[in-house]
Amino acid sequence: MAVNRMRDDPEEIFTKQEEIGKGSFGKVYKGINKKTTDVVAIKIIDLEEAEDEIEDIQQEITILSQCDSPYVTKYHGSYLKGTNLWIIMEYLGGGSALDLLKAGSFDEMAISTILREILKGLEYLHSEKKIHRDIKAANILLSDHGDVKLADFGVAGQLTNTMVKRNTFVGTPFWMAPEVIKQSAYDSKADVWSLGITAIELAKGEPPNADLHPMRVLFLIPKNNPPQLDSQFSKNFREFVGTCLHHDPTYRPAARDLLKHKFIRMAKKPSYLIEYIDRYKRWKETHRDEDENGDSSGDENSTKNPTIKTWIFGNENDTSSNDTPNGITPEPRMIPTSKKLPTTVIPALEELKLKYSSDVIENIQDVFLDADKSSPEIVDKILTQLIHKVNSVSS
């Protein structure tokens, strides 16, 4: 049962062991509950350093504390010691699906098994009127026994009865649904799109457009035809991906319906994944430096573009995503970007493109993209000034 024991001393309850990862919110350690001897993950966050992210941290804790599903990472409680917040989580030692890809590709049976378990997690979340909004291989964690669970709820959202659809701009660009990019009203079907992109990622080691600048991807996803798998993959797998990746969310099935798809029905028991977990652990022993640096690009079977996982957009903050046990990645190598470009200009230009078929709009997009690559801080200042001028005129 999840608890918040802010007055208790966590060091009297838990033995903190080796560090297992770092992230923008702090460090994660393997730990032992002294009373029960259970293994846990301990995420320690310095609230003074994470002042700007406190809202996101509270969001993650709130969502996790409300979840009770074998397909979602379990939250055991929070403790405050000085300025450090200790968040106690279920320990998942098998790594993430992205980790496992570093050691080589998955067969379709493994992909089907992972997707089935994630669909069960999404079925639960969506029934609770929650949307994850950042489904990808890095946020799929596995236990040593092959259990598959959803992690990283820093950008998850709650749908209330009075607000059936959201219109905030959050997620990671390569996996983001078209309606989220355009800031249209969206619901749980946005997770289904992201699942389809994740299916491609599990099959090919990276999402579509991984070689492109994330800003350009944000322009391309609503405009281009949905990505597809090629003929080297089975018909059932290709059909599953195509079913998830409709531009119009009304044509995407719900998670509970996707569990009935032929490709998902071929899935094995989670224990089938143990061989992939063991393979990754063997790989890690011989590639430790690469794995700790988050850069395994020298391995032909590894994720080809490890930097893409550092791109997450929220309302104001960019935070790293996660790719090690319990959802913590090494310190990200962020590519500088304007904060206002993805949240202000892109949705506005997308709306204009729906009204006017003009090459001028395409040219404006290119100008902003080129400027953002060289001087994102100047782009921010220009946009701030424009917004100020527009507000002055309208008032």
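Helices and strands here are DSSP runs, numbered from the N terminus, with a strand needing at least two residues. With that in hand, take a look at this predicted model, where asparagine 139 sits in the loop between β8 (130-131) and β9 (140-142). A search of the whole structure also turns up 11 salt bridges, and helices α7 and α14 come within 9 Å of each other, axis to axis.

**Around asparagine 139**

- Asparagine 139 has a relative accessibility of 1%, so it counts as buried, the cut-off being under 20%.
- A polar atom of the asparagine 139 side chain lies 2.8 Å from the backbone oxygen of aspartate 134.
- Aspartate 134 turns up again in a salt bridge, this time through its side chain, with lysine 136 as the partner (3.7 Å, N to O).

**Other salt bridges**

- As background, side chains of opposite charge can pair when their charged atoms come close.
- Aspartate 144 and lysine 281 pair up through their side chains at 2.6 Å, N to O.
- That pair ties together distant parts of the chain, 137 residues apart: aspartate 144 is in the loop between β9 and β10 (148-150), while lysine 281 belongs to helix α11 (residues 274-286).
- Aspartate 144 is partly exposed, with a relative accessible area of 34%, and lysine 281 is partly exposed too, at 33%.
- Glutamate 19 and lysine 27 make another side-chain salt bridge, at 3.9 Å, N to O.
- Here glutamate 19 comes out as partly exposed at 36% relative accessibility, and lysine 27 as partly exposed at 34%.

**Helix α7 against helix α14**

- For helix α7 (residues 214-223) and helix α14 (residues 359-374), the axes come within 9 Å and cross at roughly 155 degrees.
- Angles over 145 degrees count as roughly antiparallel, so that is the label for α7 relative to α14.
- On the α7 side, the contact involves Met215, Arg216, Phe219 and Lys223.
- Facing them from α14 are Glu362, Gln365, Asp366, Leu369, Asp370 and Asp372.
- Sorted by class, the contact has six charged, three nonpolar and one polar residue.

Notes
Residues are numbered from 1 along each chain as its sequence is written. This is a predicted model: local features need pLDDT of at least 70, side-chain atom pairs count only at pLDDT 80 or more; totals for chains, interfaces and linings use all residues. Side-chain values use heavy atoms; hydrogens and water are left out. Helices (H or I, at least four residues) and strands (E, at least two) are DSSP runs, numbered from the N terminus. Buried means under 20% relative accessible area, exposed over 50%, partly exposed in between (1.4 Å probe, protein chains only). A polar contact is a pair of N or O atoms within 3.5 Å; within protein, one must be able to donate a hydrogen and the other to accept it, and residues adjacent in sequence count only if both atoms are side-chain atoms. A salt bridge is a side-chain nitrogen of Lys or Arg within 4 Å of a carboxyl oxygen of Asp or Glu. Axes are lines fitted to C-alpha atoms, for helices over the stretch in contact, and angles run from 0 to 180 degrees between N-to-C directions. Angles under 35 degrees count as roughly parallel, over 145 as roughly antiparallel, 65 to 115 as roughly perpendicular and the rest as oblique. Contact means heavy atoms within 4.5 Å. Ala, Val, Leu, Ile, Met, Phe, Trp, Tyr, Cys and Pro count as nonpolar, Asp, Glu, Lys and Arg as charged, and the others, Gly among them, as polar.
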